[in-house]
Amino acid sequence: MADVADPKATQATPALRSQSEVIAFVIMAVALVVAPAFAYPVFLMKALCFALFACAFNLLIGYVGLLSFGHALFFGWGAYFAAHLAKVGAVSLPFWLGKWHWLVIPLPPLPPELAILGGALFAALLGLIVGALAIRRQGIYFAMVTLALAQMMFFFAVQAPFTHGEDGIQAVPRGKLLGFIDLADQTNMYFTVLVIFLGCFLLIYRIINSPFGEVLKAIRENEPRAISLGYKTERYKLVAFVLSATFAGVAGATKALVFQLASLTDVDWPMSGEVILMTLVGGLGTLFGPVAGAFFVVTLENYLTTIGQWVFVVQGAIFVGCVLLLRRGIIGELARVLRIKL
Amino acid sequence: MFEIFGISSQALFGQLLIGLINGSFYALLSLGLAVIFGMLNIINFTHGAQYMLGAFAAFFLLQYAGLGYWWAIVVAPLAVGATGIVIERLFLQWLYKLDHLYGLLLTFGLALMIEGTFRNFFGSSGLPYAVPPELQGGQNLGFMFLPNYRAWVVVFSIAVCLSTWFVIERTKLGAYLRAATENPTLVRAFGINVPRMITLTYGFGVALAALAGVMAAPIYNVSPQMGANLIIVVFAVVVIGGMGSIMGAILTGFGLGVIEGLTKVFFPEASNTVIFIVMAIVLLIRPAGLFGRGV
């Protein structure tokens, strides 16, 4: 992972380093507040959801060194669960007691904030299960295990009745946030998404720079040494995995409300590939890289919608180009040239 | 005709045969992945696309050159293997000193490019490829009907797997390969051209995938996404077996194919997911994989 954290890029004093991050954050926040004046809100909201998704993914790859090839699982199921809660509400859980019974929790359709929270919690639960299995293997196997488990849950999404198979959960009501902010209004929805994004971004920043985050980076650099220092690295990795899954779930749930749709596309493996692409383009292990990468990829796809399957060819070419020539990503290179931390 | 557990023998053995066929492809593909990973330290995500290329090569040979199945089974692996050698020289050779994940990402990108290009020209629907005339028809074994072509696929892939195992584990060339896997620098010091061996190994692994593709062409249709979902299942097979052992990869491939076939008989809803469930169980019980050495 030598390319992810380049010590030369962080030679400035710690105060200056965090300063550059604060300045970059303020620029980003201001730009996003005024952005609706210049771009379509739906486009911006899509980019923000994917940016959050990529930040969540980056928490694992960039700061723990774990490549999850199945993050669509948390994004997609967060979207499904939130969409279901917002549209239907009632949840039935099968349980075994001599024979199968259904435990029906008779919920009404929930307001958006609770739907997103529900989606996030469900993604966290999935993250706990998948993470506990996946961290039993390291390196390349970790990627294959996450990919395989995500594919399994994809087949489950195809078969489960509440996901409505190929149709997906359509016409999800956006509802009224906290009972009085009508999210059917595009501007209200945009600023809700923006607040969710910035809030999660700051939380991730806080996690990365906490003592917990320092241990994660130690695991990334040299896991055996972290173990020899007495850290139970498996637990740290699991917590990081669950956190990453939760943020991915928030991103998916928010996306479901924005587009009023949760579909198979969100859980399928190309989505996992897309979030890797965004993070790689922006810069693995950089704070702002995933955001830049997400905006880059979403913009690109916006322009490429007319060329059909060639989108995949372009994506593949970007993958190849980034791995061969631009392993630090856009933001990583920028940080290296400016000798600051971003 | 007789019944076992209330299932007719026809259905049971029919699914077992399909399981063995799928198992042949799992075994050939995971074998290729294991050989490539051993030498290059790269998980070849392009493997599924190269399997698809093998099937398309057979289709093209028939369509445009009039060369049938028996030509295809020789020419297609050689041709696709040659593209593999080009890929290794152009892209992969720069990645050996980097973290494993970059190899995975690069080959994933290549797979997207290849499969996207083919989907563009051939859509998503499959193209038919006829069973060669010599292998049409089948045998009635009393308890089931055995199509000749399917019997051929199972027998031939077992033969290919075992010869690969023999070459790697029992010959001088294989000894060089295994030594270069353990310590490439030392093997180079003995005057063996390790970089060329690496290149040829990748070409061989790719050729195995293409061979599987040619064999699959008459069974499934030739379609651009025939490899995309298969490769994920093969990854699960590789996780279950562990990549340390050639024989392990072969046995796991066939075993899981059979398990999948049986699941189709007894619990059809889970037939898509059973391999992933087995993977989860194996991870809980034996995290290193059934035949794995370490993690």
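## Contacts and overall build

Two residues are in contact if their C-beta atoms, placed from the backbone, lie within 7 Å. With that in hand, let's look at chain B of this predicted model. Among its contacts between residues at least 6 apart in sequence, 74% join residues at least 24 apart. In chain A, residues 24 or more positions apart account for 77% of the contacts with a separation of 6 or more.

Chain A has 13 helices and four strands. Its radius of gyration is 20 Å, close to the 20 Å that the globule rule gives for 342 residues, so chain A is as compact as a globular protein of that length. The C-alpha trace of chain A spans about 60 × 55 × 40 Å along its principal axes, and 49% of its 342 residues are buried.

Chain B comes with 11 helices and four strands. Here the radius of gyration is 19 Å, close to the 19 Å from the globule rule for 295 residues, so chain B too is as compact as a globular protein of its length. Its C-alpha trace covers about 65 × 50 × 35 Å along the principal axes. Of the 295 residues in chain B, 49% are buried.

## Where the two chains meet

The meeting of the chains brings 36 residues of chain A into contact with 34 residues of chain B. On the chain A side, helix 5 (139-159), helix 10 (269-282) and helix 12 (310-325) each supply at least two residues. Helix 5 gives the most, with 14 residues. By class, the chain A side divides into 25 nonpolar, nine polar and two charged residues.

Leaving aside neighbours within four places in sequence, A:Ala148 is in contact with B:Ile232, B:Phe235, B:Ala236, B:Val239, B:Phe276 and B:Met279. The largest nonpolar core has 211 residues, and A:Leu52 and A:Ala148 are the ones that touch the most other members. In soluble globular proteins, nonpolar side chains tend to be buried together.

## Helix 3 and its partner

How many residues of helix 3 of chain A are buried? The count is 15 of 16, so to speak a mostly covered helix. Helix 3 runs over residues 72-87 and reaches 22 Å from its first C-alpha to its last, close to the 22 Å expected at 1.5 Å a residue. Just after this helix, A:Gly89 takes a positive phi of about 95°.

Two packed helices are described by the angle between their axes and the distance between the axes. For helix 3 and helix 10 of chain A, the angle is about 115° and the axes are 8 Å apart. The residues that meet are A:Ala72, A:Phe75 and A:Gly76 from helix 3, and A:Trp269, A:Met271 and A:Ser272 from helix 10. This contact has four nonpolar, two polar and no charged residues. Helix 10 also supplies at least two residues to the side of chain A that touches chain B.

## Helix 13

Helix 13 of chain A covers residues 329-338, and its buried residues are A:Gly329, A:Ile330, A:Ile331, A:Gly332 and A:Ala335. They pack against helix 10, helix 11 (289-304) and helix 12 of chain A. Just after helix 13, A:Arg339 has a positive phi of about 55°.

## Loops worth a look

Most residues other than glycine have a negative phi, and most peptide bonds are trans. Against that background, the loop between helix 5 and strand 3 (176-177) of chain A deserves a visit. A:His164 sits in this loop and has a positive phi of about 60° although it is not a glycine. A:Ala171 lies in the loop between helix 5 and strand 3 as well, with a positive phi near 50°.

Are these residues buried, partly exposed or exposed? A:His164 has 17 other C-beta atoms within 10 Å and is partly exposed, because the partly exposed class falls between the cut-offs of 12 or fewer for exposed and 20 or more for buried. A:Ala171 counts as exposed, with 8 C-beta neighbours inside 10 Å.

A:Gly285 belongs to the loop between helix 10 and helix 11 of chain A. With 26 C-beta neighbours inside 10 Å, A:Gly285 counts as buried. Its C-alpha is separated by 20 Å from that of A:Phe74, which is 211 residues away along the chain.

Technical notes:
Residues numbered from 1 in each chain as written. Chains lettered and ligands numbered in written order. Predicted model: local features only at pLDDT ≥ 70, side-chain atom pairs only at ≥ 80, totals over all residues. Expected span 1.5 Å × (residues − 1). Rg over C-alpha atoms; globule rule 2.2 N^0.38 Å. Nonpolar A, V, L, I, M, F, W, Y, C, P; charged D, E, K, R; others polar. Axes fitted to C-alpha atoms, helices over the stretch in contact; angles between N-to-C directions. Core = buried A, V, L, I, M, F, W, Y, C linked by C-beta atoms within 7 Å.
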